[in-house]
Amino acid sequence: MEEKKGKAMQENILKAEDITKSFPGVIALDSVSIEVKQGEIVGIAGENGAGKSTLLNIIAGIYQPDSGRLYLRSEPYSPLNYQHANKHGVFMVFQEQGLVPSLYVYENLFLANEENFITNGVLNKKKMIGEAVEAMASLNLKIDPTKLTWNYSFHERQMIEISKAFTLTKILKIEMPLILLDEPTSGLSDAEIEILFNKVKEYSERASFIFISHRLSELITLCDRLYIFKDGRNIKSLNTVRTTEEDIHEYMVGRKRESKFYRENLQITKTGEEIFTVDNLSKSGEFSDVTLGLRRREILGIGGVVGCGKTELGLCIAGIEKFDRGSIAIDGNTIHKVTLKNMMRKGVGYVPGDRKNEGIIGYLAVNWNITLPSIPDIKLWGLPLLNIKKENDITRTFISKFRIKTPRITSMCYSLSGGNQQKVLMAKWVAKNLKVIILDNPTRGIDVGAKEEIYTILRELIGQGLSLILITDDLLELIGLSNRIIIMKDGVITNEFDSPPDNKTTENELVKFMV
Amino acid sequence: MFEKIKIHNNSAMQKIIDTILRFFKRRKFVEILPYMLLLVLIISFYLITPIFLSRDNILVLLAQGMVLLLVSTAATFPILMGSIDLSVAANTTLSGIMAALFISNIGVYAAFPAVLVGVGFGFLNGIVSVYFKLPSFIITLGTMSIMDGTGLLLSEGSPIWFQNDAFTWIAKGSIFGGLQNIVVWSVLAYIFFSFIGSYTRFGRYLVAIGGAEKIAKLSGINVEKYRILAFTFTGLLCGIAGILQISRVESASPHFGAKLLMEAIAAVVIGGTPVSGGVGGIHRTFIGVLVITVLSNGLDVSLVHPYLQLIIKGAVVLSAVVLTLDRSKLALVK
Amino acid sequence: MLEHLSKRKTLGVVIPLVFIFILVLLFGSINPRFLSIANLYNLIRQTSVLMIVAIGATFVILMGSIDLSVGAIVTISGIVSALFVPRLGTGAIIVGVAIGGLAGTINGTVYVYGRVPSFLVTLAMGPILEGAALMICKGSPVVIKNMDFLKIASGKLIGNFPNIGIWALLIYCFFTFIAFRTRYGRYVFTIGAGEKAAQFSGVSVKRIKIMTYFLSGFLSGLAGVLFSARCQSGTPRMGEPFILDSIAATVVGGTALTGGSGGPHRTILGVIIMGILSNGMNLLNVHPHVQIIIKGVVTILAVTATLDRSRLEFVK
């Protein structure tokens, strides 16, 4: 075990007290308090939606907290916007990169902070470049500030963003910056991650860091100390010296699973023959050699950490993304042209995880949304025309069946609550008489009551003879709903096991195969 | 994560076209394209008729291209930002007409304040863009109409002629033997604005806004202020262009707008600033203007019918745009 | 939320109607000739061509795109069909719509497969088509003398109602049906309201887009033929006013530029308003050039009022 740097009693650079932040329908942070000392690398662990990013955004001034207090270097700190935070020495390395690709590196470094380099309105490029070169040298980075930013790889641009923090704090004459790293490792190779970590450790003499990641091993390797967030609360603070990944996971998950919630009593134990087969499916960079079979009236759950390939797998099976090798068959017949439209024709539908942009159309009426995939199947007097009466009948059927709360069948979808929107999304695909429906995180971002209703709907679908593939980040949901569970890690299936109602597994069991 | 999902449907046609276009999309190619094009054009026209490269013709060519230079430079500002100004030609025309009227009715010095007309309309474009929050193409489509109408109204539909040697000297006199003055003023103006583009915060921020508006805003750049400034500068340049134009032809005509608009945008795009914005700069527009001017002049000298010229130029513009558009930035092409 | 929604929709119809009412009162009181039947027929004659072009524009705008080449298509189809009248008589209509459809298809193809923003494609196609038109007619108007052909616009099949008005009404009714009762129409709305989700639901977005531009071209082509019949000649640049007018009519009628809402049934209101404005201004002897200015202002105002800004993250 590496000896972590022993640091004597040190000043806090950041103190957050009772930060609360909510968005419509969801409490992102519930009275969260953390501390970061000078020169520390502090990590935050937690599931998707636990509040980690939200907290960072508040510290960086991008969101405003509903309540709570922040202290920076022992002074009250309430940044109005990101630039304001910069002026106090707080910087963020954004997941989607915070640099303008078409500017030169040095231009990005000083963007919106060129006051020191201006004489009579004219920019002193030489001075800026000189400053930038010096900064890169002092940070041991082999980056040429006079090149255009898009010449550099994702990883290198991250380093540029980090160096931006140092260059600006130097100009603003601040002692030590606080650098927030929001899931920086998502797009990096192992080698690049190692470089990043070495650099961060190197720089921790001159800066403090907050680091978010899904990969627990990274948090243990890099950080001095670790917070664990769950459901918007800071539930534990751990020193990483003697912590294992299992320790962390135990705190992260471990909720009581309510079998009634997942309607486990409705789970069908006698599933039928295999109707949908995926054979050695591979897509470079995402997943490889995935083989699975879906039986009639079965809910097959696929779980794994974010980035394990399950989402990509779902998209490929649905015909939305292309895969490199392998085959898909339904009812024993291999499907030759795997495209979205063809898969729909063969009876396979896909309920996307991004409800707002890919699932329902907010600016279209409820009835038009529900009938959209079914339009090619509807005829009027034998002609390929729209049959408004039939459409409205279908709509009304589903509104009552799924208990969708909407003022009118012609109301715009954006006016519905998240839960009702999700029901519309489900109705859309159920209306189409499919054999297989693939669902990606069907209960993401909706309230508990609506979740229950969705689970009931799913069980009813099974009762009617459908088969479902459930891809989800919610472990409890995965366990509660599925007949069988497949776990993926880094693109391959690591385990597959049954999940009968009388012998459900636990989250911890699953997690073992996920990390 | 979800932005990168593109639905594939095995469309062979799309695949072929994308492969061809990918070759052209390489940035190096985009940068070399205008120079290559220029070379090809010059050689071709010279082969067709050697008069093309005669001293006299070159001088004429340069003079012909100056108004376009200014108008294209004007158009570059909003394009850098990712917007567009369809009213640049109408603005130039109107400024010219107002200047001509002032000269006829008041006196030669009254011509210069006509520049303020250009500035005014440019400013209007900026204000409407920021406060009404409308897409720039519709705003400038509207103001283009307004300016066209005003121009037609004031000129009563026909060119305004005037006689003033001092004024004509501005464009047609020559300080440097042979070279028309309009070239001198225009190049000076161009250098000035090019400098602004490359050496001031303003120029840099336009590129930032065009390249990644979200990030620019986050970094604290006052997007609204720069948007208004950009459109105002556009108006200023159009005003100047208008005055030089009427000085050159000794009249103001309300009719040559549409062609000028298309050529201006073409020059910007061919020069290397794509319509999606965020790349390139004012310094690039010069070569684009040269290409268009050489093309126009060459077609003239080769005695190609003016109507055919219109078609050829339109086709060149379309091709240039298709080849240089930065498609990765347009997730959904509307 | 509920009140907000139905308010928006009702307002969308009520406001234009109120506008029409006010304009009619205004112009009628200033010049009583405005209210005569003869003037009504005049109005119909003046607006029918715009109606046809605007319907095409409506479909394009519903989809979230734009077509700036409609003017040029009107011109070239008007000129070419005029040239074919001596040989084909009324059959020249076919030539006109064929040209329009072809031009529209080219627009759509470059837009979809070249991935060029629609305003740019159609902006560039405009001068190309105008240039071609000029070349074909060598710069001078092509006069039409064939009475049968001229009658398709100026004749009167039903009482005193102008033929050209019948064309416009038929097109209006037919395409309103298409928009609300066919799969194609539904897909146009869907793409305009949410292209990504439409793709994820199996809609052939590319095909629909090209189809729509074909339609716009086709209708502009038809409009060109009828226009030249009405003017008794095919003239260079004759279609120019339609570019802005068709967009204005569509938007004023209640179809937002952002797409996905409104429809061709609303466009008639916009056409009537633009028509009344022109007609009234003419009777008041407002200078034609001032009229252009006023129309530009009206367009901006109408777009402002109807644009659904919540749908535009960054207005460029």
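Biologist: Which pLDDT do side-chain atom pairs need to count?
Modeller: Residues are numbered from 1 along each chain as its sequence is written, while chains are lettered from A and ligands numbered from 1 in the order in which they are written. This is a predicted model: totals for chains, interfaces and linings use all residues, local features need pLDDT of at least 70, and side-chain atom pairs count only at pLDDT 80 or more.

Biologist: Is strand β20 of chain A largely enclosed or open, and why?
Modeller: Buried means 20 or more other C-beta atoms within 10 Å of the residue's own; exposed means 12 or fewer, partly exposed lies in between, and C-beta atoms are placed from the backbone. In β20 (residues 467-471), 5 of the 5 residues are buried, so the rest of the structure leaves this strand largely enclosed.

Biologist: What is the handedness of the crossover from β19(A) to β20(A)?
Modeller: Strand β19 (residues 436-440) of chain A runs parallel to β20(A), joined by 5 bridges (strands pair if DSSP finds at least two bridges between them). D440(A) has I471(A) as its bridge partner. With the strands pointing away from the viewer, a clockwise path from the first strand over the helix to the second counts as right-handed. The path here goes through α15(A), and the crossover is right-handed.

Biologist: Which residue of β20(A) is the bridge partner of I299(A)?
Modeller: Strand β15 (residues 299-303) of chain A is joined to β20(A) by 4 bridges, and the two run parallel. The partner of I299(A) is L468(A).

Biologist: Which helix gives the most to the side of domain 2 of chain A that touches domain 3 of chain A?
Modeller: Domain 2 of chain A is 258-347 + 434-515 and domain 3 is 356-433 (bounds come from an automatic or database domain assignment). Their centres, taken over C-alpha atoms, are 24 Å apart. Each domain puts 12 residues into the contact (C-beta atoms, placed from the backbone, within 7 Å). With 5 residues, the helix that gives the most on the domain 2 side is α15.

Biologist: Which strands stand at the edges of the open sheet of 6 strands in chain A?
Modeller: The order is β6-β9-β10-β3-β11-β12, with mixed pairing. Each edge strand has a single partner, so one side of each lacks a neighbour in the sheet. Those strands are β6 (90-93) and β12 (233-239).

Biologist: Which residue is the bridge partner of I44(A)?
Modeller: Strand β3 (residues 41-46) and strand β10 (residues 208-212) of chain A run parallel, joined by 4 bridges. In β10(A), the partner of I44(A) is I212(A).

Biologist: Is Y77(A) buried, partly exposed or exposed?
Modeller: Y77(A) sits in the loop between β5 (75-76) and α2 (82-87) of chain A. Setting aside residues up to four places away in sequence, Y77(A) touches L70(A), Y71(A), L72(A) and H88(A). With 19 C-beta neighbours inside 10 Å, Y77(A) counts as partly exposed.

Notes
Contact = placed C-beta atoms within 7 Å.
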